[in-house]
Every structure is written in C-alpha cells, then in structure tokens.
Amino acid sequence: MTTLKKFKNRHNTTLAITILMLPGAIWLLLLRYVPMAGIVIAFQDYRPHPPNPTLINNILNSRWVGLDNFTFIFASADAWRMIRNTLAYNAVFIVLTMLIAVAFAIMLSELTKKIMAKFYQTLMFFPFVISWVVVSYFVFAFLAPTYGLLSHITNWYMDPTWWPLILVIANLWKNVGYSCIMYLVAITSIDTSQYEAASIDGATKWQQVWNVTIPHIKPMIVILLILSAGRIFNADFGLFYNVTLDSGPLYPVTDVVDTYVFRALQRLNNIGMSTAAGLFQNVVGFICIMAVNGIVKKIEPDHALF
Amino acid sequence: MTAVSKNIASTKKGRVNSISFGAELVMHIILGGFALACVIPFIFIIIISFSSADSLAEVGYSFMPIEWSLIAYRAAFDLGADLWRSYFNSFFVTTVGTILSVIICVMYAYGLYRRDYPLGTFFAFIAFFTMIFGGGLAPTVMVIRNLLHMADTYWALIIPMLVNPFNFFLMRTFLRVSIPESLIESARLDGSGEFRTLVSIVVPLAKPGIATIALLTALSYWNDWFNALLFIRDSSLYPLQYLLMQMQTNVDFIRRNAAILGASANIDFSALPSEGLRMALCVLVVLPIAFAYPFFQRFIVAGLAVGAVKE
Amino acid sequence: MKKFLAISLLAVMFAITACSGDGGTASTGGGTSQAGTASETAAGGDSADNNQGLPDANLTVYFMGATVASDTEVVAAANARLAEMGYNITITPIWGDWAAGTPIQMALDTGDNSVDIVFTSSWAVNYVPNANRGNFVRLDNPDNNLLERFGQDVRAEIPEFLWQGFMTEGTQGHGLYAVPGHKDYAQMYTWDVNAELLDELGFPFDSFDWSYATIFDPRLVEAMEAFLVARPGYYPFQIGPEGFARSLSNSDYDITGLGIFHFGFDPVNPALPERPEVITTLENPDYIRLLETFYDFFNRGFINPSVSIPGEADAANSAAIDSGNYLISSMAYAYGHEEFAQQQRGIDSRFPPMSAPIISTISVQGSGYAISIYSQQQEQAMRFLNAFYTDSELATILTYGVEGLHFERNADGTITLDQDMRSQFAPWRNGTGNIFILPPLDVEGPDFYERFRAYNEAGTPTAFLGFVFDETPVTNEMAALRNVVAEFSPSVTTGSVDPATQVPAYLERLNANGLQRVHDELNRQLAVFFGE
C-alpha cells in the first residue's frame with residue numbers, strides 16, 4: 001500500500017518536473033534539432049533548385065560530394081600552423097583563466113572590507129561588456145605606429161614576437177572578471193560555520209581555503225572546464241581578427257581556424273564549405289568534451305555534465 | 001539592527017578568520033590594480049569620443065586631448081527619433097527576453113539538478129548536444145521565418161536567443177552548490193509540490209545564481225545584432241546595436257569606396273562623422289548596460305555580505 | 001545506449017524537418033496569394049491584354065547606397081506610374097544604405113523568398129559567385145527566356161558589350177544572371193596630386209608629365225623630402241594596401257580576385273595585344289622595381305606605417321587626404337570625381353590619368369540588378385526591370401522623387417532638387433539601372449550626359465572583356481591562396497617590408513599553396529575563352 005503510494009508519488013514528481021522542462025525542450029527541438037538536418041549540407045554541393053527552391057528541395061536535389069567540402073581546411077600548406085595556434089591558445093586561455101579567476105574569487109571573498117570586494121568585482125566584470133572591436137581600438141591606442149603610446153619600442157603590427165603574450169593578456173583581461181563571478185557566487189553559498197569549525201580545529205587560513213573553499217567550488221571549476229573543452233577548436237574570432245587588425249606579418253602567431261576559414265570563404269558564398277568547417281570544429285569539440293566528461297565521471301560522477 | 005549584527009559578525013569573523021594585514025594589503029594591490037586596468041580602457045574611450053578631430057590628428061589617441069568636441073556624437077544624435085526608438089527596442093527585447101529566458105532556464109536546470117529525476121540524464125544530453133552541434137544558418141533562419149513566421153517582429157529578436165544550454169548547466173551547478181538536496185526532500189515530506197518547492201525554496205536560495213544568469217542573458221540580448229541582420233527589415237524595429245553598426249559600416253564603406261561610387265553618390269562629406277564616431281557609438285551602447293549592471297550586481301554579491309552574517 | 005538515443009533522435013528530427021519543409025512550401029504559396037491580394041490596387045490589374053495573364057504582383061526591390069528616411073509619396077508615385085503604363089505590378093522598395101551588402105547576401109544565402117530583385121555588383125553582393133552558386137535567375141535561359149519574353153526594350157537599350165561583360169557561368173548554364181547597370185563602365189587609374197602644395201614646395205605641377213613612369217622621377221623624391229620639412233608629422237605619399245601597386249600592375253583586373261595575376265594588356269592601349277599572356281605579378285620586373293621604389297619611400301618616411309594594417313589603412317589614408325595633408329596618391333577614378341574631391345578637401349587636387357580608361361569584366365560589373373532565384377514572381381520582376389531601365393519617368397521617380405515635391409523641372413531640361421526633401425530621399429544615382437534616361441541636375445548642366453557618354457566611349461575594352469574565372473576546379477587552392485595574399489600583400493605592396501627578402505618568401509608560399517595549379521587552370525579557361 002505504502003509502496004504503491006510512494007510509486008504514485010514518484011510518478012507525479014517525474015511528471016511535474018517534466019512539465020517544467022518542456023518549454024526549454026520544445027525550444028531545443030524547434031530551433032536546434034529541426035535545423036540540425038541542415039548538417040547534411042556539409043556533404044553536398046548545395047545549390048538552390050528551381051523551380052521550387054525550398055530548403056528541403058534543395059537538399060534533396062543537391063549533389064553529394066562526400067568529404068570534399070572539408071578538404072580546404074587541410075589543403076593549405078599552413079594547416080598545421082593554424083591548428084596548432086588554435087589548440088595551444090585555447091589550452092592556455094582555459095587553464096590561465098581558471099587559475100586566475102579562482103585566485104581572484106578567493107581573494108575577493110577573504111577581504112575584510114566587503115565594500116571594497118564589491119567595488120573590485122564590479123570593475124573587473126566591465127571588460128566582459130565591451131566588444132572585441134572596442135578592445136582592438138584600445139590595443140591600437142597603445143601599439144599604433146607613430147601615435148601609439150608604446151610606438152617607440154617596435155613596429156608592433158609588423159613584429160609577431162610579442163603577440164602571443166599580448167593575446168593571452170587581452171583574453172585574460174576580458175574574461176577573468178566573468179569567470180570570477182561564477183566562482184564568487186559559488187563561494188558565497190558556503191556556510192561560514194564550516195570555516196569556523198576548521199578554524200577551531202586549528203586550520204590556518206591557507207588550509208581553510210584548501211580544505212573548505214576549493215572543494216566547495218570544485219563543481220563549478222569542473223563544469224566550466226568541461227564546457228570550455230567543447231570549444232577547444234573554436235577560436236575567438238574577435239580576438240584573433242579584430243584585435244590583431246588582421247595584420248599579415250602577425251599570421252604566424254595569430255592565424256587560427258576561424259580566421260583562416262573566414263578569409264578563405266570571404267568572397268565565395270559556399271554554404272557547403274562553411275557548414276563543413278563548422279561541423280569539423282564541432283566534431284573535434286564533441287570528442288574533446290566527451291573525453292573530459294568521461295574522465296570526470298570516473299573520478300567524480302557527481303560533477304560530470306551528464 | 002542589521003548594522004549591529006554585521007558588526008558582531010565582522011568582529012567575530014575577525015577573531016576566528018583573520019588574515020594578516022600584510023596579506024590583505026597585497027591582495028588589495030593585486031585586485032585593485034587589475035580592477036583599475038579593467039575600467040581605464042572605457043574611460044579612455046569616453047575621452048577619445050569627446051576629442052576633436054584636430055586633437056586626434058595632432059596628438060593621436062590621448063588621455064589629455066588638446067581640444068574637446070561633441071562632433072562624434074552629432075552624427076549619432078542626428079538619427080533623432082530613430083536613435084531613441086532603437087533604444088526602446090533594445091530595452092524592450094532585453095527585458096522581455098531576459099525574463100522569459102531566465103524562467104525557462106531555472107525550470108530546466110531544476111530538472112537537471114534533481115538527482116532523483118529519472119529523465120535528468122536524457123534532458124542533460126539533449127541540451128548538451130545542441131551546444132556542440134548546430135544546424136547551420138539557413139535551416140535555423142527557415143524555422144524562424146517560414147515555420148514560425150516571425151520575420152519583422154520583436155519575436156524574431158527574442159526567440160532565437162531564448163535558450164542557451166550553457167546557462168542550463170551553469171544554473172544546475174549553482175543549484176548544486178547552494179541548495180542541499182535534503183532541503184528539497186524535507187519540503188516534499190511537508191507536502192510541497194514541485195512547482196511550489198521551486199518557487200518558494202529554490203528560487204530565493206539561488207538568487208545570486210539567477211542574477212548571474214540574468215546578467216549574462218541580458219548582456220547577450222543587448223549586444224545582439226545578428227538576428228536583426230537576419231530577420232528585421234523594418235527599421236522601426238532595429239535594436240540599438242544594429243542601428244549603430246549599420247551606421248558605422250555605412251560610413252566605413254563610403255570612406256573606402258568614395259571614388260568608385262562616383263560623383264553621384266550624394267554624400268555630404270562634411271557631414272561624415274569624424275574618427276571619434278566609433279568610440280562615440282560604443283559609449284552609447286555600453287553606458288546603459290553599465291548603469292544596469294549594479295542592479296544585477298546587488299543580487300550577485302548580496303551573498304558576499306550575507307555570507308558573513310549567516311549564523 | 002546514448003549512441004542509440006542520439007541516432008534515433010536524429011532520425012526523428014529528419015522526419016520532422018521533412019514535414020517542416022512542406023510547411024515552408026505551403027507558406028511560400030501563401031506568400032504569393034498574399035502578394036496577389038495586395039496588388040489589387042494596381043490600376044492596370046484588369047487590362048489583361050498587356051499583362052499576358054500574369055497574376056498581379058507586388059515586388060520587393062532591394063536597393064543599395066540609399067539614404068532614405070521617408071518614401072511614402074515616392075512609392076505611391078512609382079506605383080501610379082507602373083499602373084499608368086499598364087503593368088499589374090506594384091513595388092515595395094527596400095532602401096538599403098552602403099551597409100546593405102551583408103543583409104542582401106544573407107537574404108540570398110538563407111533563401112528568403114520575400115525578396116524579388118536585388119542589387120548586385122563586382123564589389124558588393126558579388127555577381128559572379130552568386131550566379132555561380134545559383135542564387136540568381138538566368139535571364140536568357142533557353143527554357144524560359146525572360147529577357148526575350150519581357151525584356152526586349154532593356155535588351156536594346158543597353159550597349160551590347162555590357163551584356164557581354166555580364167556573361168558568366170551559373171547553375172543554369174553560361175549566360176546572363178542580371179541586367180547590367182548602365183553608368184560609367186570604363187575604369188581608369190589616376191594620380192591624385194595636391195597640386196597647390198606641390199607648387200608651393202617649388203615643384204610646379206606642370207613640370208611633371210604624370211605618366212605612369214613619373215613614380216620613378218627623382219624630383220618626386222625631392223618634392224616629398226620638402227614636404228616632410230613643410231608638414232612635419234604627415235606623410236607625403238598616401239598609399240592604401242595594394243592601392244598604388246595595383247594601379248600600375250593591372251592586378252586590379254585580375255579576374256580571379258586574388259590580385260596576383262598580371263593580365264598582360266597594354267595600359268596605354270588596352271586592346272593590345274590580341275592574345276595577352278597572364279603571368280604572376282611578382283614575376284614582372286617592372287612591378288618589382290615599383291616595390292623597391294616604395295620600400296625606398298617607406299625608409300625615407302614618406303609612407304605612413306599604418307597603411308600596411310588592413311583595418312587602419314582607410315582611416316589613416318582618408319583622414320590625411322581629406323584634410324589636404326598629403327602630396328601624392330592614386331585612385332581608381334569614377335566620372336565626375338574632381339569637383340567632388342575639390343569641394344570636399346578645399347584644395348586644388350588634380351587627377352592626371354596614368355592609364356587609359358579600360359573596359360574590363362570587373363569595371364562592367366560595377367552595378368546591376370538580379371532576380372532572386374527564390375522570387376515567386378520572376379516574370380513580373382523581369383517586366384519591372386524592363387520598365388525601370390527604359391522608362392525615364394519611373395527611373396526619375398525612384399532616383400529623384402516626385403516632381404513638384406522633391407524637384408522642379410527647368411526649361412533647359414535640367415532639374416533642381418529641393419535640398420530639404422533630398423535629405424529625406426536620396427538613393428544612389430549610379431545604382432539606378434540606367435542613369436542615361438535621367439534628367440541632368442541644374443548643377444551638372446544640360447549637356448551632362450553627353451559628356452558622360454563621351455567619357456564612356458573613350459574607354460577601350462580589353463581582350464579579356466567577358467572572361468570570368470570559374471574557380472570550382474581549384475576551390476581548395478583558391479581558399480589557401482586567399483590566406484597567403486592576405487598575409488603578404490598588404491605589407492609587400494606598401495613598401496613596408498624589404499622586397500628583396502619578402503617577395504621570394506611570398507612567392508614561395510604562393511607556390512606551396514598551389515599557385516601553379518590555379519595558373520594552369522586560368523590558362524586552360526582562357527584558351528577556351530579565346531577559342532583555341
């Protein structure tokens with residue numbers, strides 16, 4: 001009797017929660033899964049098919065070309081260069097952003113003057129509001145030939161030496177504040193009594209951070225890491241194209257998959273090739289995210305994405 | 001009353017949790033330095049936007065221009081009613097979009113958060129999968145335009161950005177770190193339905209997380225121009241970003257192609273905005289969100305202060 | 001399990017998409033009927049004789065380069081004129097400004113069936129690639145020759161070689177995919193000289209012959225040295241990425257769009273030789289000499305180091321030129337630019353030609369109007385274009401507005417614009433299909449179009465006119481080469497780097513990325529073009 005009631009109860013719960021999820025699920029179905037059929041364009045020489053050129057008609061009647069649309073990414077003699085740049089920058093960005101944001105979040109939470117913490121945190125978020133195009137103006141103000149504040153050092157836009165560093169700094173500057181908020185919100189949910197207990201046990205400040213704060217924000221660290229793994233092959237176009245002002249001599253250290261594809265397809269409007277490029281990036285991201293998620297699942301099943 | 005309790009809390013905290021004065025000073029220097037570096041660019045851009053063209057030619061981009069000018073803004077304000085209408089459009093779309101989006105996000109994330117919900121993994125996977133694989137532009141546009149018939153309506157600006165699976169997972173994590181599941185369990189034992197639990201227990205406790213998601217969502221709505229490019233042809237529905245971007249593109253194009261367009265291009269060059277235009281435009285875009293930010297922030301860091309006084 | 005889940009999900013999605021595709025079709029049908037009811041106002045609707053039984057149509061026409069705040073009277077007048085001419089057509093213009101290239105391209109790429117006619121050209125909404133991808137309707141399609149059925153007037157009105165220049169490869173065969181714009185179709189490179197300042201510095205303008213070789217004249221160097229003293233902080237030689245170099249190299253006529261092939265016709269008499277060779281620009285010794293000269297200029301401080309940065313070059317250039325703080329520049333000239341430039345800069349700028357006016361495939365494709373493949377009313381669209389290109393009154397309304405409101409007619413045949421109304425309604429005149437049927441403005445004088453025609457007629461077609469490069473066989477190479485060109489061209493062609501080291505590096509990278517294959521393909525297609 002009671003088990004039946006419990007079962008019914010459980011059933012009701014499932015139903016109720018499913019209803020809550022429906023709006024999101026319907027949206028995903030309509031705006032993500034339905035259009036996903038369009039991925040087949042990546043394998044086609046897609047062209048409108050008169051007299052009735054609806055999307056579905058075009059797809060049904062376009063010629064299949066196998067993997068031809070993908071080859072342009074690798075046909076270049078510079079393929080390795082851009083792939084290396086994309087992966088290396090992303091890896092550095094992910095790790096450094098995480099480390100610095102966590103450090104800043106912990107520092108902010110430890111400040112005695114909360115008003116100052118609030119103030120710093122407000123300012124830190126600001127770069128996230130500004131677009132890369134605007135950031136590029138700012139960088140230009142420093143590095144511009146002749147007029148720039150640092151123009152006497154070198155002709156910055158012709159000399160690739162310092163650009164890896166500049167790009168890393170620009171990326172950190174823009175994104176640390178945002179990640180920092182995530183960790184901060186997680187930290188604020190820690191019950192202070194945990195610190196008190198630790199403190200009474202004689203834990204130093206450092207030990208408290210290590211034993212209380214870090215474990216508590218670990219789910220947030222893990223989830224942000226997993227999610228960024230999925231973008232490992234997608235470079236931030238604004239950073240690599242706008243901030244560098246697309247200056248040719250810098251390409252050895254600034255050319256990434258996204259900028260390469262952009263330049264390659266700028267004049268063409270080959271939907272097949274652009275879909276193929278995107279799909280390729282996504283597949284790499286997918287493999288990466290599944291791998292990271294798999295590892296996390298082995299170690300801490302609770303923190304995995306699914 | 002609160003002041004007193006805060007006081008007590010901080011002395012108490014001061015006693016058990018103090019960090020050394022030196023360490024705190026170093027932290028202030030690091031955080032303060034970084035924080036300053038974060039806003040100086042914007043101040044710089046404001047200054048440039050108010051610099052006269054002569055000043056730009058003379059001393060370049062400078063914190064101390066030799067002459068001030070409103071000329072860069074003139075071009076923007078010449079838009080007159082169009083500018084104010086686009087402000088309204090952006091404001092309207094951002095508000096409605098953010099509210100709807102956050103509601104959907106919290107409901108979805110709640111399901112993901114509940115470990116006892118059997119379909120959780122399924123829904124997590126279908127959300128995750130769309131983060132990685134999209135369907136490409138043309139099919140998505142077709143759904144909005146031909147299936148939902150939303151072209152040239154506000155919906156075309158709201159619907160495409162309504163859901164961001166990334167936020168689902170962020171929200172789920174916020175819920176995980178801030179609400180122990182035992183709380184949900186006891187609410188259920190008290191006979192609270194799922195919906196009531198969500199509204200009366202989860203939402204209040206997750207306020208900082210919700211505010212964070214709301215802020216991110218509002219930002220992406222405010223900064224969006226791409227959906228306008230795809231779906232909006234009626235200029236009375238232009239959001240601010242799109243209007244200003246069009247204006248900048250238009251000016252750049254004329255500069256680049258003045259010669260090939262011929263004498264007949266009907267361009268009044270004296271009316272072409274100066275170099276400072278692009279700076280002025282970004283000030284016009286960023287200012288509203290800069291003022292709105294403290295509103296979200298109040299909820300986000302409310303936790304900071306609350307954390308200190310919590311029992 | 002998960003894999004199975006994903007696969008079955010995908011299967012479901014495909015099924016749903018198939019259904020939604022039907023939905024799409026149904027809705028386009030709906031669109032047509034809606035247009036039908038909307039145009040019942042068209043007065044010509046019942047005169048079926050003229051309209052050959054075609055259903056009433058409301059056409060959406062996407063213009064470019066317009067500054068239009070209010071067009072209510074104009075649209076009403078245009079529709080009234082169409083009705084008066086017996087057409088059961090009304091139009092809904094979209095007055096795109098100079099930023100409209102992207103939205104037009106987006107509409108085409110996403111299959112927007114609400115747009116019927118779009119602006120196209122060789123520099124925005126690119127004609128050749130769009131025809132190639134099948135976004136435009138072929139107008140002389142043997143199966144449905146719209147041009148013959150509904151466009152006889154415009155076919156006769158526009159010079160034959162413009163049509164020839166619009167012949168291209170497309171999904172519906174080799175043919176015409178747009179109606180060419182009839183404006184200035186000859187292209188010429190000129191110097192842009194600050195004559196006033198040159199005189200002031202003691203180097204009279206007339207003491208140079210301003211041929212193309214003047215760039216090597218040592219007195220030019222002296223003049224620029226003097227400039228540096230007279231105008232500290234400014235640069236005498238204003239050169240955009242590729243700018244000057246391309247005007248001397250013919251690389252601007254490089255139909256591949258890469259700007260690395262030298263289409264070897266004679267700049268003085270472009271009709272010669274009859275069968276020119278195409279070589280790589282970097283293998284042309286004259287061109288290398290030019291690059292060396294630029295590098296020398298750069299080292300002497302004549303060239304702004306910003307100009308090799310693509311994102312900044314335009315701003316740096318135009319700021320200096322607009323304020324008159326330059327000595328020498330070059331430009332791709334458009335008819336009537338002198339008055340315009342002098343008025344804008346307030347100085348005596350002069351534009352001596354450095355090459356003959358050339359009629360090439362690229363210059364001919366300066367503007368045009370195409371019918372979108374997604375249009376549901378293609379016949380009616382062709383009929384509208386026919387009227388737009390041949391009816392002076394209709395073209396005038398859509399360019400200058402309504403008589404008595406936007407402009408007044410004068411006794412000498414010119415018109416005077418109402419400046420207040422013009423600020424509300426100012427389409428780009430060269431974007432009007434056929435500018436030669438427009439009345440001249442009072443400021444231009446009654447003989448304006450005679451002079452204009454004379455300028456056009458002075459142009460010489462190159463042997464390559466009508467040749468279009470189909471890059472399909474070398475897609476990957478072209479993609480890679482575009483990146484190499486973007487990497488090297490801006491710095492090499494502006495003298496910002498030493499050609500002695502960078503030109504070989506550039507060539508090496510071009511070769512590594514398939515330059516030879518593209519060159520071979522180009523030669524193969526040229527052989528076909530020349531009927532060999």
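**Figure 1. Packing of helices α5 and α12 in chain B of the predicted model**. Helix α5 (residues 81-113) of chain B packs against helix α12 (residues 207-223) of chain B at an angle of about 140°, and their axes lie 9 Å apart. Because angles over 145 degrees would be needed for a roughly antiparallel description, the arrangement of α5(B) relative to α12(B) is classed as oblique. The crossing of the two helices, α5(B) and α12(B), is right-handed. On the α5(B) side, the contact is made by Ser90(B), Val93(B), Thr94(B), Gly97(B), Thr98(B), Ser101(B), Val102(B), Cys105(B) and Val106(B). On the α12(B) side, the contributing residues are Ile210(B), Ile213(B), Ala214(B), Thr217(B), Ala218(B), Tyr221(B) and Trp222(B). By class, this contact of α5(B) with α12(B) contains 10 nonpolar and 6 polar residues, with no charged residues.

**Figure 2. The two domains of chain B and their contact**. Chain B is divided into domain 1, spanning 16-69, and domain 2, spanning 80-309. In the contact between them, 8 residues of domain 1 of chain B meet 8 residues of domain 2 of chain B. On the side of domain 1 of chain B that touches domain 2 of chain B, α2 and α3 (53-59) of chain B each supply at least two residues. The largest share of that side, 5 residues, comes from α2(B). The side of domain 1 of chain B that touches domain 2 of chain B has 6 nonpolar, 2 polar and no charged residues.

**Figure 3. The interface of chain B with chain A**. Here 84 residues of chain B are in contact with 79 residues of chain A. Helix α2 (residues 21-49) of chain B gives the most to the side of chain B that touches chain A, contributing 15 residues. Sorted by class, the residues of chain B on this side comprise 57 nonpolar, 20 polar and 7 charged.

**Figure 4. The two domains of chain A**. The domain assignment of chain A gives domain 1 (2-64) and domain 2 (77-303). Taken over C-alpha atoms, the centres of these two domains of chain A are separated by 32 Å. Their contact takes 6 residues from domain 1 of chain A and 5 residues from domain 2 of chain A. On the side of domain 1 of chain A that touches domain 2 of chain A, the residues divide into 4 nonpolar, 1 polar and 1 charged.

**Figure 5. The two domains of chain C**. Domain 1 of chain C is made up of 42-183 + 366-466, and domain 2 of chain C covers 188-356. The centres of the two domains of chain C, taken over C-alpha atoms, are 34 Å apart. In the contact, 7 residues of domain 1 of chain C meet 12 residues of domain 2 of chain C. Helix α19 (448-457) and strand β18 (460-461) of chain C each supply at least two residues of the side of domain 1 of chain C that touches domain 2 of chain C. That side consists of 5 nonpolar and 2 polar residues, and no charged residues.

**Figure 6. A three-stranded open sheet in chain C**. The 3 strands are arranged in the order β11-β8-β12 (chain C), with antiparallel pairing. The edge strands, β11 (328-333) and β12 (349-350) of chain C, each pair on one side only. Strand β8 (residues 188-194) of chain C pairs with β11(C) in the antiparallel sense over 6 bridges. Asp192(C) stands opposite Ser329(C), which lies in β11(C).

How values were computed. Residues numbered from 1 in each chain as written. Chains lettered and ligands numbered in written order. Predicted model: local features only at pLDDT ≥ 70, side-chain atom pairs only at ≥ 80, totals over all residues. Axes fitted to C-alpha atoms, helices over the stretch in contact; angles between N-to-C directions. Helix = DSSP H or I, 4+ residues; strand = E, 2+ residues; numbered from the N terminus. Parallel < 35°, antiparallel > 145°, perpendicular 65-115°, else oblique. Left-handed = near helix turned anticlockwise from the far one by under 90°. Nonpolar A, V, L, I, M, F, W, Y, C, P; charged D, E, K, R; others polar. Domains from an automatic or database assignment. Pairing = 2+ DSSP bridges.
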